[in-house]
Amino acid sequence: MVHHSGSIQSFKQQKGMHTSISEILKEKTLKPSRRSLPCLAQSQTHPHGLHHFLSIPLSPESTKTHATPATHTTHSVSTSCTHITPQTTEAPKDQYVEVSEAGGFESRVEESLLIKKPVCRAKLEARTESIKSAKNVRLQPSGLLFRDGKKRIDYILVYKKSSPQVEKRCTFERNLRAEGLMLEKEPSLTNNDIMFVKIHAPWDTLCKYAEQMNIRMPFRKKCYFSDWKKKAMGRYSSHFHLRCRQIKSWLPRNPMKLDKEALPDLEETDCYTAPFSRARMHHFTINNRETFFSNSTRSRIVHHVLQRTKYEDGKSKMGINRLLTNSTYEAAFPPHEGGYKSRHPIKTHGAQNHRHLLYERWARWGIWYKYQPLDLIRRYFGEKIGLYFAWLGWYTGMLIPAALVGLFVFLYGLFTMDSSQVSKEICEANTTIMCPMCEENCSSWKLSDSCVYAKVTHLFDNGGTVFFAIFMAIWATVFLEFWKRRRAELTYDWDLIDWEEEEEELRPQFEAKYSRVERVNPISGKPEPFQPFTDKLSRLMVSVSGIFFMISLVLTAVFAVVVFRLIAMEKFASFQWEFVKKNWQFATSGTGVFINFIIIMSLNVVYEKVAYLLTNLEHPRTESEWENSFALKMFLFQFVNLNSSTFYIAFFLGRFAGRPGKYNKLFNRWRLEECHPSGCLIDLCLQMGVIMVFKQMWNNFMELGYPLLQNWWSRRKIRKRGGGGVVDGVLPQWDKDWTLQPMNAHGLVDEYLEMVLQFGFTTIFVAAFPLAPLLALLNNIIEIRLDAYKFVTQWRRPMPARATDIGIWHGILEGIGVLAVITNAFVIAITSDYIPRFVYAFKYGPCVDQGYHHENRCLMGYVNSSLSVFDRGENNSLAPSRYCRYRDYRAPPWSAEPYEFTLQFWHVLAARLAFIIVFEHLVFGIKSFIAYLIPDMPKDLCDRMRREKYLMQEMMYEAELEHLQKERKKNGRRYHHEWP
């Protein structure tokens with residue numbers, strides 16, 4: 001932004017702007033809001049008791065040092081790299097030199113631009129130092145600083161001394177030093193073969209890459225208030241709000257809210273931000289150079305450098321990821337901020353560090369009912385992980401009304417189970433002989449034997465099923481629409497509104513692969529690598545072919561399970577145990593479900609490898625494109641794998657079995673399985689319940705139990721190797737982090753995938769299993785604390801990444817919402833007996849001429865109407881009766897057209913098709929109307945954003961004007977050149 005210095009005032013008058021912000025404040029009295037508080041505090045606060053090693057205060061002695069050049073430097077060369085002789089003439093650059101950061105700072109920032117340390121903090125630090133000197137206690141190294149106790153560790157690299165990739169590692173480290181990073185090596189105290197490389201980013205390097213990466217930093221200029229609407233209403237409005245606050249203070253405190261006194265870091269000040277620029281450094285809030293860039297920002301900058309540093313000659317020989325792949329380095333991670341436990345209670349002594357604070361106020365089981373400290377999560381782990389936990393918490397909260405309604409529907413079926421007319425007729429049908437349900441080992445049986453099945457079916461197939469299906473379809477829409485609003489508020493509070501356009505970077509693998517072909521980016525106007533369309537299309541076709549092959553593999557596994565059920569049906573019907581022989585249908589369904597679950601979990605391992613291979617084959621352009629492509633493949637694989645058997649039971653089981661005397665057989669050998677006289681819904685409920693419960697238990701074990709076992713095994717190996725003499729409490733932080741498990745290579749894909757698949761189970765077949773939202777709610781309450789405990793205690797600290805939304809998962813959730821409407825319509829119309837009962841009550845029942853009065857009265861005789869008659873012949877002497885009944889709408893054997901479909905069958909079929917059409921159009925119309933009514937962004941947030949954008953432009957003008965006035969007073973002359 002460049003303006004002529006002689007036309008500042010005229011430019012503002014032409015644009016209709018005020019000459020100064022003071023005129024705006026005189027015209028409109030503004031009320032402070034959360035985002036526009038004074039910005040005189042530092043940009044990053046720390047817990048009590050950690051300022052001595054998380055932040056280095058700017059003392060007067062250090063300020064004096066800034067004005068004088070550094071007179072002492074320390075040289076140290078890694079012994080592992082001494083045998084490699086550099087061929088260039090710049091040999092001194094290959095050595096590790098610790099130079100004072102203040103040397104180049106005076107030329108960029110005036111001493112007067114640094115905001116002085118608050119008096120209260122200075123007194124507190126002086127008191128702390130006096131206590132330390134009085135006790136004469138030498139502090140142990142915290143593991144977060146270099147040996148000099150001043151330079152902060154921003155990143156850790158781990159390699160083995162026995163690794164043969166010495167040349168690549170030394171070249172990579174020399175290039176890192178050439179980029180401005182400082183390196184220091186430290187051997188492991190628990191393993192003699194492990195060496196740690198500690199990385200520190202000096203001030204100049206941070207400023208350089210912060211400008212290149214367009215990182216938004218807080219403005220130093222004073223902030224202005226934006227919440228002016230309430231103030232405009234006058235004193236009556238303020239009096240009203242005062243009364244409301246008084247009434248609110250009388251009400252009991254919400255137990256789910258976090259105590260602000262226990263989380264002092266949430267009370268941070270906010271201010272406007274702008275992309276960092278070294279030329280305009282005087283605009284930014286530089287309170288302390290050590291804390292101006294937060295820990296997560298420093299780690300992100302170092303990771304950016306690591307991703308783009310070469311280790312060999314060649315365009316593709318770059319990046320820490322490739323070095324991790326070829327075992328040059330064993331690991332690369334930012335360090336944790338100390339331990340997560342303390343001997344002293346947090347209420348009296350405060351938190352030692354952010355990790356300790358997260359453990360006490362987020363990861364402990366005792367606070368499972370509390371809200372999550374999202375701001376603290378975002379500050380420690382980054383915006384991407386913060387958005388995941390925000391979405392998970394929002395999803396869990398929205399499950400509460402769905403779980404309550406589903407529980408009411410289930411309780412309604414439970415209370416009306418004994419009074420149901422259909423259940424009564426089945427339980428009292430002692431004389432109704434049913435046809436055998438298998439070929440060889442089955443015999444005739446009484447309909448009353450299925451009394452228990454009929455009552456259990458009524459729990460899920462009752463009058464509330466249709467209402468609950470409609471409710472869940474609307475609930476899914478409301479959940480997604482209100483999540484958009486919640487996401488907009490978070491992206492505004494976390495300063496992510498314009499991040500996507502500025503921050504999207506090319507993957508190093510993409511740059512290395514297509515560096516020969518370049519084209520001008522239409523947005524930035526800079527040349528960048530380009531993937532030709534033909535290459536992209538060919539790779540996409542190979543990937544799509546792989547996806548279809550894996551889906552066909554899933555369908556093959558489902559077919560194998562179907563064959564197993566047909567074979568097991570014959571075996572269980574002739575089983576020696578009377579209990580199994582009597583309940584052979586339940587035994588067949590149960591064993592089929594468990595075998596299907598084992599196949600599902602086994603194939604998931606294969607799918608992950610195939611999806612990773614196909615995604616890398618496509619060579620996505622950016623990291624977000626890679627994650628979206630990988631996530632879509634994983635979702636397609638696991639969704640089909642998880643739900644294919646459920647779709648088979650819901651829509652195909654018993655539909656093509658045939659009739660007595662003319663059964664359809666698979667391979668002309670096995671008779672196809674048919675539904676129970678009570679319907680196939682009980683099989684669908686069993687399938688969903690077993691898979692949902694056991695999959696959640698397995699996922700929870702793999703998320704927490706498996707890392708716990710791995711960390712325990714790592715500590716055990718350390719003790720066996722001879723490191724048992726080292727006390728874990730005195731280990732440096734890099735040694736402790738090395739024993740933890742790394743975050744999985746796919747980032748949050750596995751976390752989102754688990755929840756999205758659960759969302760599918762909760763909505764797609766919810767008409768058949770109304771308890772699914774309740775099970776999902778209970779699981780998510782545990783899931784939040786499990787994930788929190790895992791991130792804080794069992795995993796190494798992941799690289800803090802940024803994101804504006806949950807990525808492709810939002811589109812997948814919307815697709816699941818649409819699919820849920822269709823599947824629930826088919827479940828109600830085809831799988832359940834709701835439509836046949838409805839047709840009988842209004843067309844064939846006793847209430848046809850009298851009108852519909854009561855369900856039980858109008859359904860009298862329904863069971864007999866839904867059963868057809870089959871003549872087994874006079875020669876069948878083993879049967880107790882010549883005639884048997886089976887579930888279908890067919891003519892009796894003595895009619896003119898025996899075993900043909902009756903008119904009632906066609907009425908039921910027409911009613912089912914009509915219900916599907918009406919249900920889908922009605923629910924889709926309601927969903928669209930609700931989505932239209934709920935805007936994606938709250939109106940007050942839109943007004944606040946526009947207001948602050950306008951005020952920030954005014955601040956830029958006044959900041960430049962003040963800077964020019966200072967230069968004029970300093971030099972004693974006017975400036976007539978262009979603005980800097």
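Which residue forms a salt bridge with Lys185? The partner is Glu173, with the closest N and O atoms 3.0 Å apart; a salt bridge here is a side-chain nitrogen of Lys or Arg within 4 Å of a carboxyl oxygen of Asp or Glu. The model is predicted, so local features need pLDDT of at least 70 and side-chain atom pairs count only at pLDDT 80 or more, while totals for chains, interfaces and linings use all residues. Residues are numbered from 1 along each chain as its sequence is written, and side-chain values use heavy atoms, with hydrogens and water left out.

Back to that pair: Glu173 sits in helix H6 (residues 166-178) and Lys185 in strand E4, so the contact ties together parts that are 12 residues apart in sequence. Helices (H or I, at least four residues) and strands (E, at least two) are DSSP runs, numbered from the N terminus. Glu173 counts as buried because its relative accessibility is 1%, and Lys185 counts as buried at 14%. The cut-offs are under 20% relative accessible area for buried and over 50% for exposed, with partly exposed in between (1.4 Å probe, protein chains only).

Strand E4 (residues 182-187) is itself mostly covered, with 5 of its 6 residues buried. E4 runs antiparallel to strand E5 (residues 194-200), and 6 bridges join the two; strands pair if DSSP finds at least two bridges between them. Together E4 and E5 make a hairpin with 6 residues between them. Within this pairing, Glu186 has Phe196 of E5 as its bridge partner.

The structure holds 29 salt bridges in total. Among them, Lys484 pairs with Glu481, the closest N and O atoms being 3.4 Å apart. Both lie in helix H19, 3 residues apart, or about one turn of the helix, and both are buried. Arg486 and Glu489 also meet in a salt bridge, at 3.8 Å from N to O, and these two again lie in H19, 3 residues apart. Here Arg486 counts as partly exposed at 26% relative accessibility, and Glu489 is partly exposed at 31%.

What about helix H34 (residues 903-933), and how far apart are its end C-alpha atoms? They are 45 Å apart, which agrees with the 45 Å that its 31 residues should span at 1.5 Å a residue; the expected span is 1.5 Å times one less than the number of residues. Buried residues of H34 include Phe915, Ile916 and Phe919. The buried residues of this helix pack against helices H19 (464-493), H30 (809-831), H31 (834-844) and H33 (862-865), contact meaning heavy atoms within 4.5 Å.
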